[in-house]
Amino acid sequence: MRARGFKRGGVPVDHRAPFKTGPIENAFLPLNAIVQLREHRNSVEPVPVVSVGQEVREGQLLARSTGRASSNVHSPIPGIVRRIETTRTPGGFDSKAILVSLEGSFSMLGKRPERYLWKSLNKADIAHIVQDKGIVRVSSGEPLYEILSERSEAPGFVMVVSALEMDPYRRTEEELLALRAEDVVDGCAIAARMALPSRIMFAVDESMDQPTLEPLRELAARSELDITIQRFRRRFPQDLPGQIAEAMDIVDPGTLFIIEPSTLVALHEAVVSNKPHIEQYVYVGGGSIKRPAILKARIGAPIGDLIEECGGFSGHPETIVIGGPFRGREATDLDAPVTRTTRAVLALSPEETKSAPERPCVRCGDCVDACPEGLSPYYMLKLLRSGRPGDAEAAGLGRCSSCGSCSYACRSRIPLVRYFDEARQNEVRS
C-alpha cells in the first residue's frame, strides 16, 4: 500500500528515540492526587460536588459538568478531600484543582471488571454513559459525548483512528494499537453506534511492522465495520487534521473526525466496564530518563512519581516537557499532575534541546518553507512587533495550527509559535 503524505511544509523527523516495546505497566498509585478540573484554556470548569474533609470512593464524582465544553471529573483514588483551590496549570491558565489523599479501600483496582454487553444498548444509553463517565478526547480535552453527538447530526463523515505520532519520542498510540487492538476496534464500534461514520480509517506510520498490522487487519475483517488501514509518511506534523486531509486528497478537513486509540480504549472501558476516565497512558522518556516507558497512570499523579518509576534522571535535564517536543509545554516543577490530556512527559538533555539565545531574524525563509499552512511566519511576527495585530490576522494568524515547525526550522532560534499564541490569547482577552 502506498504511503501518503501532505505536499508542502513540515519538517523531517526520521530519527526516533530507542524504545523497548512490551506490556504497559501500572504506575505507582499517588499518595496525593491533584485532580485538575479544566483540561485546556477554552474548556468550561465543572462545579465541585464534594467538600474539604469529605471521604470519597475510587471513581466517585468530584465535579459535575456545567454544560457545553465541560465534563464530569471523578476521583482516581479512594481517600479524603484535603483541598479545593485555584492553581496555575503548566498550560498557563487557571483551574480549580481538588487534592485527594489516599486512604481506604479500592472498589475497582484489583477487582474483576464488570462486563456489559453493550451491543444491546441503544444510542441514547451509550451517550449517557459516555457523558456520565467524563470521557474526553485525549488529544484536545473536549468532551467526547459532545463531539460524537454533533457528528451524529451530520452522518457520513470519515472517522480516522490516528496512531500517527510524528515526534521522535512518543509511542503510546502505536503500542495501544498493538497491545489492545481488540478493545480499540470495539471502541470504534461503540463510537460508530453513536455517530454513524461512512467509513473508518486507521492511520498508521509507514514504518509500522507487519506483526502489528496483521492482527489489526484480521480484527477489521471480522468486524461489521467498514475499516481500512492507510500508511502515512513520517513528516511532522502529519497527525494534524489538515495534513491528514491533504494527504488523502480531501478538500474539507471538516469531513474527518480524528480520534486516538487511547481515547477509544477509555470509551471502551466506560461502556463495557463501567469505568470513569481516571487513568491515562503516558510516555515517559527523553535523553535524561534512565528507562523510557509507557505507564498507565492515575489522573492527578505527580509527574515526578512517573519519572521515579522509570529509574529517575540519568543526567541533569535541560527542561521537562509535558506533551511532545514541538507542541508541549514546560513543567515548572515535578508536582505537576497527570491530566486526561497528558500524553507524554519528556526530560530533555542539553544535547536534545540545543538551546541558544534568540537572535534577530535574517529573513532566510526557512520558516516559510516549513509552514504546512502556507503562511509567512516571519512576516506575521514583524506585524505583531509593529503593533499591527489586525494585519497579522489578515496575513493568516488565525490559520496557524501552532504545530511548531517554524520555530524548529528557525536558524535564529525565534520562538515564533509562542509569540503567535500570546497574540491570539491577548486578542481573546480584549
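The legends below describe close-up views of a predicted model.

View 1. Two packed helices are described by the angle between their axes and the distance between the axes. On the side of α2 the contact is made by L148, R151 and S152, and on the side of α4 by A191, M194 and A195. Sorted by class, the residues of this contact are four nonpolar, one polar and one charged.

**View 2. Helix α1 has its buried residues on one face.** In helix α1, which spans residues 123-132, the buried residues are I126, A127, I129 and V130. Seen down the axis of α1, these buried residues fall within an arc of 160°, so they line one face of the helix. An α-helix has 3.6 residues a turn, so residues three or four places apart point the same way.

**View 3. Four strands form an open antiparallel sheet.** The strands of this open sheet follow the order β3-β9-β8-β5, and their pairing is antiparallel. At the edges stand β3, residues 32-36, and β5, residues 55-56, each of which pairs on one side only. Strand β8, residues 79-88, and strand β9, residues 94-102, pair in the antiparallel sense over nine bridges, and R88 stands opposite D94 in β9.

**View 4. A cis peptide bond joins F236 to P237.** Most residues other than glycine have a negative phi, and most peptide bonds are trans. The bond from F236 to P237, however, is cis, with an omega near 5°, and P237 is found in the loop between β13, residues 235-236, and α6, residues 241-247.

**View 5. N274 has a positive phi.** N274, which is not a glycine, has a phi near 60°, and its place is in the loop between α7 and β15, the latter being residues 279-285. With a relative accessibility of 27%, N274 counts as partly exposed.

**View 6. S402 has a positive phi and is buried.** Although S402 is not a glycine, its phi is positive, at about 55°. S402 lies in the loop between α12, residues 389-394, and α13, residues 405-409. Because its relative accessibility is 17%, S402 counts as buried, the cut-off for buried being under 20%.

Notes:
Residues numbered from 1 in each chain as written. Predicted model: local features only at pLDDT ≥ 70, side-chain atom pairs only at ≥ 80, totals over all residues. Heavy atoms only, no water. Contact = heavy atoms within 4.5 Å. Helix = DSSP H or I, 4+ residues; strand = E, 2+ residues; numbered from the N terminus. Nonpolar A, V, L, I, M, F, W, Y, C, P; charged D, E, K, R; others polar. Pairing = 2+ DSSP bridges. Buried < 20%, exposed > 50% of the residue type's maximum accessible area, 1.4 Å probe, protein only. Arc of directions from axis to C-beta.
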